[in-house]
Amino acid sequence: MTTALAIGQPTDRVDGRHKVTGGAHYSADMLPGTTAHAVLVGARVPSGRITGIDTAEALQADGVLAILTHENLPRAAAQPPLIPSLAGMPAPGQTFFPFQDDVVHYAGQPVALVVADTLERAQHAGALLRIAYAETPSVTTLDQAREEAYEPAAIFGGFVPGRNTRGDIEAGLARADLRIDATYTFAANHHNPIEPSATTAAWDGDQLTLYDATQGVAATQLTVAALLGVTPSKVHVISHYVGGSFGCKAMIWAHPALAALAARHVQRPVKLALTREQMFTSVGHREEQEQRITLGADKDGRLTALRHHKLSPTSHFDDWAEPSLGVASQIYACPHYEGVYRLIRAHTMTPTFMRAPGEASGMFALETAMDELAHRLGIDPIDLRLRNYTDMDPNTGNPWSSTGLKECYRRGAERFGWHRRTPEPRSHRDGRWLLGYGMATAGYPVYGPNNPQRARARLYADGTAVVQAATPDFGTGVATVMTQVTADALGLPLERCRFEGGDTTLPTIAAAVGSSGAGMISAAVHTAATNLRNQLVAQAIGDAQSPLHGADPATVTVRDGRMMLRDAPETGEGYADLLHRNLLPDVEATGAWSPSPESAHYGMMTFGAQFAEVAVDPDLGLARVRRMVGAFAPGRVLNAKTARSQLMGGMLWGLGQALLEANAMDPRRGRWVASSLGEYLVPVNADAPEVDVELIEVADKVVNPLGVKGVGEVGQVGAAAAIANAIHHATGRRIRKLPITIEDLL
């Protein structure tokens with residue numbers, strides 16, 4: 001056994017120096033050999049057919065190596081089914097691969113790929129292409145096709161049923177003393193990580209190497225292998241540094257395979273990097289949506305029924321929607337429930353994961369409805385939630401593996417100063433500003449992979465250790481945290497441990513999506529390092545020259561690289577002593593982890609509580625978030641600094657979702673109105689308020705060996721609702737749309 005010394009500490013990021021000094025090399029930085037540059041050309045119409053592509057002038061431009069279209073690009077060998085990347089299988093972004101025929105399904109769909117010896121020459125040649133279309137009518141908004149909406153059998157790659165019910169919804173509503181019936185609308189959102197998606201492809205005979213910006217190197221490997229019709233062993237994917245993702249690099253879109261096809265065609269390495277504009281049309285998005293909630297409650301505020309319906313557009317080839325009804329159906333005790341997804345076929349690419357995919361929107365609708373219920377009943381919003389608190393998952397009846405939610409309410413309210421809030425709207429002022437205080441519940445599911453997650457640990461004779469797993473670090477600090485896990489499992493000082501990842505030649509880890517990374521990767525790393533420690537202890541016990549010879553393994557502990565008897569620490573020896581004596585340059589062990597069968601008998605969720613103070617100028621309609629407080633219970637905290645950073649980032653994204661982020665389709669042209677960060681607004685430093693994050697550790701023996709739940713997404717859940725509820729408290733106006741704009745408040 002070892003004593004945890006590194007886990008939980010606010011350790012600085014091990015990759016921080018590389019990133020701030022320029023030593024970190026991202027996928028678009030990799031330029032093997034005589035790398036050529038590829039540029040995608042997207043369709044300018046949302047629906048129709050390509051009637052002609054005139055490449056003559058472009059082919060005559062200096063430096064052009066190839067122009068690839070549906071007329072000369074090889075067909076995809078196979079199109080993998082749409083499976084979320086957590087499954088550890090091929091994870092295409094959509095079940096459509098471009099360049100297969102002349103049909104245009106959405107504006108921005110890749111219709112040509114220009115390869116040249118420099119980026120500028122490729123861009124110039126792309127502008128010289130003359131592409132003719134026979135345009136057909138398109139549908140790109142909900143209002144264009146409401147009457148054609150349908151209820152899918154399943155959404156989210158088939159992993160979420162299209163309808164979920166419990167109890168008798170009509171009977172529950174009939175027993176209610178009060179009903180809230182409201183419709184909430186949400187603008188489409190787009191991912192905008194600092195690093196746009198990029199892939200560099202290089203062939204060596206039949207061996208392909210891809211430097212890809214991805215959340216899962218195995219997902220890229222398996223998807224590209226399927227599309228190209230090659231065995232995965234022929235595809236090597238490297239992704240050491242990823243400049244953010246937020247979901248757009250979770251699934252595998254067309255560009256990695258297109259880069260590989262282009263490189264094979266021109267017989268030299270090819271880099272394909274998406275432009276900022278193409279990030280709006282090439283890697284999915286959070287779809288426009290409309291949600292209607294009907295709450296039934298008795299006079300004491302206890303829920304009797306919840307009906308939650310969602311309408312959203314999907315592509316013509318996939319039934320995809322954010323699972324917005326999931327956490328909202330589980331967070332409170334409510335005997336009667338009905339959740340239904342409805343979709344319309346639209347000329348758009350398939351939507352995809354975006355931070356807190358579904359939970360952020362679904363909990364906005366539910367938590368603003370709960371705030372309205374509290375206001376109409378004259379009950380404090382926290383008290384209302386406590387009256388509906390549940391120790392079990394209402395959908396299954398299984399107990400939560402751990403909660404901490406009540407403590408989140410209590411600690412969050414204390415830090416925020418909730419007791420100073422008077423319930424009447426417009427009752428708090430700061431000069432001419434109206435002040436409002438709002439809160440909301442946060443929750444995010446704990447997902448587990450359905451296949452083993454693996455890691456390898458190696459200890460060298462100099463007393464240093466390396467642990468390896470294929471996962472890349474896309475900004476979450478996984479390399480830092482896994483170094484901490486390694487140090488504690490092996491009983492080594494932190495500075496003598498190192499983590500290596502982001503390479504398919506290393507032990508396989510599924511894509512770290514859905515806040516699953518910290519839990520599943522730490523479980524694999526902990527298992528591998530623990531196996532190595534036990535192997536070394538067993539070797540010492542069996543070594544006649546060791547001071548520990550013949551000892552009971554249960555009595556041996558490890559600290560600072562030294563194995564010793566727990567009750568007689570002077571008896572023992574260092575790892576290095578053991579290896580040197582036995583002429584071993586190194587020793588290694590592997591470890592694999594899968595969720596235990598026991599976990600199927602529990603509900604698993606990360607809980608939290610969000611609080612916001614908002615100031616509203618009643619004359620100008622300006623809303624300014626002054627303070628945000630979040631209290632979260634993510635099981636065991638591996639690194640207090642990186643966890644707080646993740647949660648703060650989620651809370652600030654919730655601010656952006658609440659007040660700024662929006663895109664709309666122009667129904668006349670079937671194209672996004674905003675296609676740059678000059679038009680698509682995101683929060684900047686001047687928008688950022690004081691953010692206070694409270695971490696509440698709770699023991700959880702079910703989710704994984706270290707009891708880790710993950711914090712990447714829960715920080716956004718409930719943040720927008722807390723802000724909207726604060727705006728209602730400040731102004732008396734209930735806004736049921738996101739984002740909330742100046743026009744809504746005037």
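In helix 6 (residues 255-266), the buried residues are H255, P256, A257, L258, A259, A260, L261, A262, A263 and V266, where buried means under 20% relative accessible area, exposed over 50%, and partly exposed in between (1.4 Å probe, protein chains only). The model is a predicted one, in which local features need pLDDT of at least 70 and side-chain atom pairs count only at pLDDT 80 or more, while totals for chains, interfaces and linings use all residues. Residues are numbered from 1 along each chain as its sequence is written, and side-chain values use heavy atoms, with hydrogens and water left out. Helices (H or I, at least four residues) and strands (E, at least two) are DSSP runs, numbered from the N terminus.

**Helix 6**
- Helix 6 is mostly covered, with 10 of its 12 residues buried.
- Q267, with a positive phi near 55°, follows helix 6.

- An open sheet is formed by three strands in the order 4-2-6, with antiparallel pairing; two strands pair if DSSP finds at least two bridges between them.
- Strand 4 (103-104) and strand 6 (130-135) are at the edges with a single partner strand each, so one side of each has no neighbour in the sheet.
- Strand 2 (residues 48-54) is joined to strand 4 by two bridges, and G48 stands opposite V104.
- Strand 23 (residues 556-559) and strand 24 (residues 562-565) are antiparallel over four bridges, and form a hairpin with two residues between them, where D560 in the turn has a positive phi of about 55°.
- Strand 24 also pairs with strand 25 (residues 568-574) in the antiparallel sense over four bridges; M564 has G572 as its bridge partner.

**Salt bridges**
- The whole structure holds 39 salt bridges, each defined as a side-chain nitrogen of Lys or Arg within 4 Å of a carboxyl oxygen of Asp or Glu.
- R49 and D102 form a salt bridge at 2.5 Å, N to O; this pair links distant parts of the chain, 53 residues apart.
- E372 and R736 meet in a salt bridge at 2.9 Å, N to O, joining helix 8 (residues 359-377) to the loop between helix 15 and strand 32.
- E372 counts as buried at 13% relative accessibility, whereas R736 is partly exposed at 28%.
- E407 and R410 form a salt bridge with closest N and O atoms 2.5 Å apart; being three residues apart in helix 10 (residues 405-416), they are separated by about one helical turn.
- Salt bridges with shared partners join E407, R410, R411, E414, R415, D692 and E694 into one network.
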